[in-house]
Amino acid sequence: MKKVITLEAIDPIEIYGAGNKIMEEFCSFFPGLKVVARGNQIKLDGDESQVEQFSVKLAELIERRKHKMNLTKFDVVEIFDGESSAESFTLNGDAVILHSTDGKPVRARNRTQQELVKAYFNSDLIFAVGPAGTGKTYVAIALAVRALKNREIKRIILTRPAVEAGERLGFLPGDMKDKLDPYLQPLYDALGDMIPSKKLQDFISDGTIQIAPLAYMRGRTLDRACVILDEAQNTNLGQLKMFLTRMGPNAKFIVTGDASQVDLPHKEDSGLLKGISLLKDIKGVSTICFSNEDIVRHPLVSRIVKAFEEQSSQEVK
């Protein structure tokens, strides 16, 4: 059977990839099919069932490109792997992201967490903002670990602005890593829930997983990685720009923060909400807003947060 597919309303290079790498990966799943891709036309010659399957899968690839800045070989693999398909995963709101080290399923626990999961597959830059205890960072790390296990990325990079540690850092014992590790402990805790201890240490040792203060990101280009900036309310606008401009090809950036918990000397210096406002209309950027109703810690936490918010509003008045 012969068939000609014409790519319409899309630049062929976006589907073929640089040097036709994406199309070569795609065609590798159809070894018995002759494929000639030139310009905006793809000519197929082979078994009817393979020609039809090629057309269906190509339509999925094109649809995926509409929701991503760039396609990668991992996108092609996911399309042919029903179990890890991003589309089927996000359509099922109760889907398991991964299993923890004790075998318990890690899944989105409310509608807003589900929105964060969906945004991860539809955008390359995600802002997740809201009060403490809503699971913003935990879900983000779960998505990153899932991507690493599925070989969608090569590295996980977790970072925080070391604002609170600033003045006290010199008085803490040990080298720089020893001084900073306690401040970064919440990130280690989340990873420890999802990756066995020995494997996690191996990943940290070989650089597959990196945990570092925000200042260490300067000058780097982060490619084929999921990069999470936690506690972003403690960055100023310049620091946030520095972080976001580290994004390399095939990277996912997730920025989490709580605008009500700014630890900067001058709270108005926080760049989180300013950055969200600046980037809100850019394609490939999503913002997920959590509220007190999304808190998934002890039931008292939501009441505590509400009490502090009421106190703050009274002080403003």
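These are my notebook entries on a predicted model of one protein chain.

**Entry 1: ground rules.** I number residues from 1 along each chain as its sequence is written, and for side-chain values I use heavy atoms, with hydrogens and water left out. Since the model is predicted, local features need pLDDT of at least 70 and side-chain atom pairs count only at pLDDT 80 or more, while totals for chains, interfaces and linings use all residues.

**Entry 2: the whole chain.** I looked up the secondary structure and noted twelve helices and eleven strands; these are DSSP runs numbered from the N terminus, with helices (H or I) of at least four residues and strands (E) of at least two. Of the 317 residues in the chain, 47% are buried, where buried means under 20% relative accessible area, exposed over 50%, and partly exposed in between, with a 1.4 Å probe and protein chains only. I also looked up contacts (heavy atoms within 4.5 Å), and among those with a separation of 6 or more, 71% are between residues 24 or more positions apart.

**Entry 3: salt bridges.** How many salt bridges does the structure hold? I noted seven, taking a salt bridge as a side-chain nitrogen of Lys or Arg within 4 Å of a carboxyl oxygen of Asp or Glu. As a general point, side chains of opposite charge can pair when their charged atoms come close.

I began with Lys252 and Asp124, whose side chains meet in a salt bridge at 3.5 Å, N to O. This pair links distant parts of the chain, 128 residues apart, with Lys252 in strand E10 (residues 252-257) and Asp124 in the loop between helix H6 (111-122) and strand E6 (125-129). Are these two partners buried or exposed? Lys252 counts as buried because its relative accessibility is 9%, and Asp124 is buried too, with a relative accessible area of 9%.

Next I looked up Glu231 and Arg160, which form a salt bridge with their closest N and O atoms 3.0 Å apart. Here again distant parts of the chain are linked, 71 residues apart: Glu231 is in the loop between strand E9 (225-229) and helix H10 (237-244), and Arg160 is in strand E7 (residues 155-160). Arg160 counts as buried at 8% relative accessibility, whereas Glu231 is partly exposed, with a relative accessible area of 21%.

Lys198 counts as exposed at 59% relative accessibility, while Asp202 is partly exposed at 32%. I then noted a network in which Arg160, Asp230 and Glu231 are joined by salt bridges that share partners.

**Entry 4: backbone angles.** Ala9 has a positive phi, near 60°, and its place is in the loop between strand E1 (2-6) and helix H1 (12-16). Ala9 counts as exposed because its relative accessibility is 91%.

**Entry 5: around Thr208.** Thr208 lies in the loop between H9 and strand E8 (209-213), and it counts as buried at 15% relative accessibility. Which residue does the side chain of Thr208 join by a polar contact? I found Asp206, at 2.6 Å, where a polar contact is a pair of N or O atoms within 3.5 Å; within protein, one must be able to donate a hydrogen and the other to accept it, and residues adjacent in sequence count only if both atoms are side-chain atoms. Leaving aside neighbours within four places in sequence, Thr208 is in contact with Leu148, Lys154, Arg155, Ile156 and Phe203.
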